[in-house]
2 protein chains.
Amino acid sequence: MSAADDPPQAAHRLILMPSGRQGDVPAGTPLLDAARQLGVELEAICGGRQTCGKCLVTVEQGTFLKHGITSAPDHLTPPNADERTYAAAHGLDLKVWRMACAACITGDVLLHIPETSLARKQVIHKAARDMLVDVLPAVRLVYVEVKPASLGGAGDWQRLQSALAEQWSLHAVELDVPLLRSLQAALRAGNWNVTLTLWRDQRVIRIDPSYVEGLYGIAVDVGSTTIVCHLCDLRTGQLLATESSMNPQVRYGEDLMSRVSYATSESGGLGRLHHAVLKAVNELAERAAQAASLSPAAITDAVLVGNTVMHHLLLGINPVELGQVPFALASEAPIDLAARELGLSSLHPGARAHLLPCIAGYVGADCVAALLASMPFPADEALLIIDVGTNAEIMLVAGSRILVTSSPTGPAFEGAQIRHGQRAAVGAIERFRLDRDTGAVRYRVVGDERWSDELPPGQTLAPTGICGSGIIEIVAELFSAGFIAPSGYFAPTERHPRIRPVGSAAEFIIALADETAGGQEIVLTQFDIRAVQLAKAALYAGARLLMNHIGIERVDRIHLAGAFGSYIDPRYAMTIGLIPDCDLMRVVAVGNAAGDGARLALLNLSQRQQAEALARRAEYVETAAHPQFQDTFVDAMALPHSNDTFPHLSAPRA
Amino acid sequence: MSAADDPPQAAHRLILMPSGRQGDVPAGTPLLDAARQLGVELEAICGGRQTCGKCLVTVEQGTFLKHGITSAPDHLTPPNADERTYAAAHGLDLKVWRMACAACITGDVLLHIPETSLARKQVIHKAARDMLVDVLPAVRLVYVEVKPASLGGAGDWQRLQSALAEQWSLHAVELDVPLLRSLQAALRAGNWNVTLTLWRDQRVIRIDPSYVEGLYGIAVDVGSTTIVCHLCDLRTGQLLATESSMNPQVRYGEDLMSRVSYATSESGGLGRLHHAVLKAVNELAERAAQAASLSPAAITDAVLVGNTVMHHLLLGINPVELGQVPFALASEAPIDLAARELGLSSLHPGARAHLLPCIAGYVGADCVAALLASMPFPADEALLIIDVGTNAEIMLVAGSRILVTSSPTGPAFEGAQIRHGQRAAVGAIERFRLDRDTGAVRYRVVGDERWSDELPPGQTLAPTGICGSGIIEIVAELFSAGFIAPSGYFAPTERHPRIRPVGSAAEFIIALADETAGGQEIVLTQFDIRAVQLAKAALYAGARLLMNHIGIERVDRIHLAGAFGSYIDPRYAMTIGLIPDCDLMRVVAVGNAAGDGARLALLNLSQRQQAEALARRAEYVETAAHPQFQDTFVDAMALPHSNDTFPHLSAPRA
């Protein structure tokens with residue numbers, strides 16, 4: 001019977017659960033096509049060839065009054081040979097599960113589509129707050145069947161292009177020469193069938209013989225101190241491994257400016273910094289792959305973020321201009337390139353790399369990533385994002401506007417410029433309490449859960465110094481208790497056995513000599529307090545100027561990003577005036593927001609466009625050179641005027 | 001006076017010589033713009049900023065009755081400060097020469113535009129025949145003035161992009177990361193003015209501070225034996241230097257198939273072949289640059305051609321498939337890539353490379369280039385292009401059709417498989433004559449202008465062997481003289497003192513033992529004649545089958561390409577039936593046609609599109625497997641039946 005003789009086809013009702021979408025489809029339509037017509041895309045790596053088994057669905061049996069249909073498994077065509085083969089090989093019960101690409105509709109059906117069979121998977125992204133992310137990465141797998149080579153026929157790549165056009169409607173797809181080298185062997189090993197990894201549907205970046213499934217990528221946050229690498233399954237969105245290491249550039253310069261100087265003035269310095277960071281990223285990718293029992297060559301996509309100096313050093317661009325006015329970036333646009341061209345040689349030879357955009361000379365891709373991780377944000381609220389390091393990056397999101405600035409806090413919060421300051425390593429005092437009634441002090445150190453007054457007699461925590469959060473808590477506690485005046489000087493009228501005059505100033509003994517690791521007292525000096533005041537004033541003034549810039553008095557939410565933001569106690573930060581007033585419940589440590597943003601951009605291509613849009617929308621406000629900065633800064637030097645504004649702390653002694 | 005108050009502007013007549021284009025232009029229009037309006041584009045690397053002095057023109061003085069105008073130098077605005085500065089610095093007489101970008105029209109003007117000031121230069125391309133080529137390469141120079149960096153302003157590359165859009169109407173221009181590394185220093189060294197080299201107006205491939213002029217490229221013919229590199233000035237089209245060297249792959253295999261085998265079966269063989277050819281091309285580029293007193297880094301474009309095996313080895317693709325049925329190419333499309341990615345490290349880091357397309361497994365980019373060099377060809381004639389090597393590539397252009405094939409001639413014409421055969425090196429017998437009356441023989445060797453019978457007594461040419469053209473001449477002369485029968489056997493009835501019986505066969509003594517370099521006779525054996533017959537039959541049969549394919553009996557023109565085509569004497573080639581019948585005057589040795597085609601594609605971008613169109617139009621005809629091939633081949637084994645068809649040779653002795 002020819003097609004022209006067919007009777008008009010009957011239509012049957014199809015209902016897709018759990019989405020609830022429904023519609024009438026002609027009898028004989030495969031479920032895969034029918035679902036697509038109703039707007040539900042199922043997984044089909046094999047392109048509907050009944051081999052991959054990704055599109056499994058199940059038919060509900062029964063009468064569904066609400067929908068007015070009776071559904072039954074036999075309202076589909078019986079399993080064909082391919083389905084039976086697959087079912088036998090995978091222990092699948094065909095009475096329950098059917099391949100949507102094979103089963104065709106012969107009656108009304110209510111279909112259940114499990115999450116795993118949906119093409120667009122969603123994962124809950126653990127970040128500032130849980131977010132639902134569509135897993136739609138820049139890379140995807142497609143399986144193609146290519147016509148065998150023939151005498152005088154078209155070349156292998158030309159026939160593969162034809163197959164992509166015919167089987168996937170993909171045209172003008174490109175192939176790099178390094179990939180061209182593996183094409184012929186893959187085609188023959190797969191008996192003319194290959195699985196391609198496509199980048200943005202524009203470029204073939206990997207060719208595997210036959211049918212394969214794995215699709216992996218890394219999101220890398222290149223911090224000046226720490227590099228973090230997340231390995232993700234790009235089909236499920238699952239985080240498979242996270243590895244981190246010290247940024248090996250530290251050996252060439254502790255802070256950013258000393259690295260800029262090293263790159264500029266040391267012969268070969270730029271190359272050493274460039275190769276050091278790439279080597280570290282390669283090693284992290286290898287470690288992450290190993291942790292997930294994968295080869296690093298399984299990784300075909302990478303998203304990288306970092307501050308502007310890290311961004312330039314990653315690309316091998318001399319950061320000299322970032323070290324001097326007017327802090328010109330070589331480029332602020334997002335950058336796409338072959339991972340091998342960047343130097344990420346541990347990944348697949350065809351792998352791609354994407355660097356998120358920067359905003360301005362001081363405000364890098366890490367800030368853009370942090371912004372991304374904070375989106376979407378209610379349009380009627382104001383959000384302040386603060387990332388404290390040697391410089392504080394400050395972002396204010398309010399309505400349609402995004403303001404960003406960088407404020408020169410100096411390294412006080414990292415423990416530098418403080419007499420007994422140190423990094424937040426094991427042994428550093430990170431918590432401090434002063435009893436308002438007894439005047440007794442107690443503290444905790446990194447690496448120990450106990451307070452110093454909870455130890456058995458004769459035992460100590462053996463502190464080695466004070467880290468950033470410890471310094472803030474000490475100043476805040478002493479100020480709240482009245483031992484430090486709003487001016488920052490030790491209050492002349494308050495007496496405490498641990499306050500010891502030094503010349504015209506004074507210092508506070510935090511830990512006694514016999515308690516410490518070094519056998520020396522750990523003290524807080526007047527200069528230390530001054531350093532904290534300078535740093536917090538710079539940070540506060542920067543935030544304040546952004547708020548002034550758009551005329552708002554309060555922010556609704558504060559995100560404290562980065563490691564510092566995780567250690568700091570928001571109550572103490574507000575006590576010393578580090579951050580503007582805000583409902584304490586809405587001051588949140590968001591952890592490695594830059595890494596979270598990088599992960600979003602890895603899992604979902606449209607997040608990269610979002611990042612670019614955010615970077616473009618962001619207005620850089622030069623605060624340090626602003627005419628109001630000096631006044632705001634000087635005002636902010638004082639510790640907050642009235643402790644009444646901090647009901648969350650116990651009232652100080654009178 | 002505001003613009004609105006301007007009186008209607010007067011128009012003046014402008015006549016441009018030598019093109020003769022004319023029209024009326026408003027008073028005050030700069031000559032550069034006026035000429036453009038009349039369709040004549042002048043050079044202006046500086047973008048009309050009155051600094052480059054490329055647009056110099058001269059005004060004719062007098063009354064031109066034919067045009068009805070009176071022209072005078074003072075019908076232009078007087079020289080301005082920029083023109084006077086340039087004139088003083090370059091010894092230019094402003095009474096004679098004016099800058100078209102500076103001088104504005106104030107009256108009727110007849111302008112002479114020298115060839116050097118025209119933007120589209122033409123060069124006469126020495127190839128099969130002289131051709132006029134528009135010099136419109138894939139790369140060009142543009143000078144841009146970029147806004148200085150400012151605090152919080154856009155990045156350097158973003159401001160450069162804006163300048164390109166504003167000053168040259170170029171949008172979405174790209175920049176590779178390796179170039180991004182040199183951007184910031186170049187901008188500052190040039191005080192924010194840079195000269196960019198653009199590739200296809202799509203991509204910045206070189207950045208020079210301030211204003212520079214040089215633009216250079218190479219065209220490379222990668223032969224299996226010889227590599228030839230032409231260095232061209234891409235602004236004038238001038239050929240600056242040609243360098244050639246042996247293909248170093250020869251050491252891994254004399255002929256193509258042994259190299260395919262080496263790449264496939266030797267561990268690391270592919271890499272060695274790949275790197276050997278790239279090293280040779282790099283060295284040739286360096287030598288050519290040195291010959292032209294340039295740095296090789298001045299080279300920003302390269303076009304490469306070669307047969308399919310050379311093409312794959314250049315790209316690092318294993319040629320294994322080219323060595324076995326069905327001879328599948330990895331890709332036949334033209335390939336654009338960064339020269340550095342190809343491995344051409346001696347060129348500028350941003351330089352581009354272009355490989356012309358291939359046609360089929362046996363018919364490579366060298367054939368496409370040879371086709372290109374033969375275009376345009378009269379539509380009512382039939383052209384046969386033959387490139388003889390180990391395989392003969394045969395192309396037939398007739399009407400709108402292009403047929404190509406490859407015929408397995410074997411290496412006889414290269415001196416292999418011949419008892420005393422050798423390459424065409426110094427000492428090889430390349431010419432041979434047999435006196436019909438006296439039976440005396442004489443010959444010439446490569447590297448000497450004299451015949452063997454022109455030497456002083458006691459002196460010899462000390463031949464070392466016989467090269468391809470010598471073998472053909474010997475067989476043709478012996479055949480014409482009747483010593484070799486049409487069957488190829490020594491004629492049993494003809495006696496010559498130099499014919500010596502060997503078993504049931506015979507051999508001919510070409511050079512006596514005391515004449516040769518080795519002190520041994522040089523002879524032509526019955527087996528040698530057989531080898532020549534097999535080779536010529538394969539070539540002839542291939543050509544014949546192409547002609548049969550479109551039903552033509554004769555060709556109007558034959559191009560003999562390659563080194564062999566240059567040495568071979570067409571009369572002798574026709575005598576032995578190597579090539580089909582054709583008017584002898586129209587059998588032309590076209591030399592290195594592949595190199596000529598590569599040069600065309602280097603000088604003019606549209607020639608690359610032309611090459612792609614030719615490659616697509618070309619129909620590959622599989623001749624060796626054709627059912628008629630065997631019969632045609634066997635028929636062609638005989639030496640031509642009647643010598644009457646060769647009136648150009650003296651009649652043989654009866």
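Which strands of chain A does helix H3 (residues 156-168) of chain A lie across? H3(A) lies across E10 and E11 of chain A and runs at about 105° to E10(A). Helices (H or I, at least four residues) and strands (E, at least two) are DSSP runs, numbered from the N terminus. Axes are lines fitted to C-alpha atoms, for helices over the stretch in contact, and angles run from 0 to 180 degrees between N-to-C directions. The model is a predicted one, in which local features need pLDDT of at least 70, side-chain atom pairs count only at pLDDT 80 or more, and totals for chains, interfaces and linings use all residues. Residues are numbered from 1 along each chain as its sequence is written, and chains are lettered from A and ligands numbered from 1 in the order in which they are written.

The strands E10 and E11 belong to an open sheet of four strands in chain A, ordered E10-E12-E13-E11, with mixed pairing. Two strands are taken to pair if DSSP finds at least two bridges between them. Strand E10 (139-145) and strand E11 (174-175) of chain A are at the edges and have a single partner strand each, so one side of each lacks a neighbour in the sheet. E10(A) runs antiparallel to strand E12 (residues 193-199) of chain A, and seven bridges join the two. Within E12(A), Asn193(A) is the residue opposite Glu145(A). Helix H4 (residues 177-189) of chain A also packs on this sheet, where it touches E11, E12 and strand E13 (203-209) of chain A. The direction of H4(A) makes about 35° with that of E13(A).

A second open sheet of chain A has three strands in the order E24-E23-E25, again with mixed pairing. Its edges are strand E24 (441-445) and strand E25 (465-466) of chain A; each has a single partner strand, so one side of each is left without a neighbour in the sheet. Strand E23 (residues 428-434) of chain A and E24(A) run antiparallel and are joined by five bridges. Arg431(A) has Arg444(A) as its bridge partner in E24(A). Helix H10 (residues 468-480) of chain A packs on the sheet and touches E23 and E25 of chain A, its direction making about 15° with that of E23(A).

Strand E26 (residues 499-502) and strand E27 (residues 505-511) of chain A are antiparallel and are joined by four bridges. Pro501(A) is paired with Ala506(A) in E27(A). The hairpin of E26(A) and E27(A) has two residues between the strands, and Gly503(A) takes a positive phi near 60° there.

In chain A, the axes of helix H5 (residues 256-265) and helix H6 (residues 269-291) come within 6 Å and cross at roughly 125°. H5(A) and H6(A) are therefore oblique to each other (angles under 35 degrees count as roughly parallel, over 145 as roughly antiparallel, 65 to 115 as roughly perpendicular and the rest as oblique). Residues count as in contact if their C-beta atoms, placed from the backbone, lie within 7 Å. H5(A) contributes Arg259(A), Tyr262(A), Ala263(A) and Ser265(A) to the contact, and H6(A) contributes Gly269(A), Leu270(A) and Leu273(A). These residues divide into four nonpolar, two polar and one charged (Ala, Val, Leu, Ile, Met, Phe, Trp, Tyr, Cys and Pro count as nonpolar, Asp, Glu, Lys and Arg as charged, and the others, Gly among them, as polar).

In chain B, helix H9 (residues 365-373) and helix H15 (residues 605-617) pack at an angle of about 110°, with their axes 9 Å apart. H9(B) and H15(B) are therefore roughly perpendicular to each other. The contact joins Val368(B), Leu371(B) and Leu372(B) of H9(B) to Gln607(B), Gln610(B), Ala611(B), Leu614(B) and Ala615(B) of H15(B). Six of the residues in this contact are nonpolar, two are polar and none is charged.

The contact between the chains takes 35 residues from chain A and 35 residues from chain B. On the side of chain B that touches chain A, two or more residues come from each of helix H3 (156-168), helix H4 (177-189) and strand E18 (335-338) of chain B. H4(B) gives the largest share, five residues. That side of chain B comprises 21 nonpolar, eight polar and six charged residues.

The same surface serves both copies, since 100% of the contact residues of chain B recur in chain A.

Note on methods. Contact = placed C-beta atoms within 7 Å.
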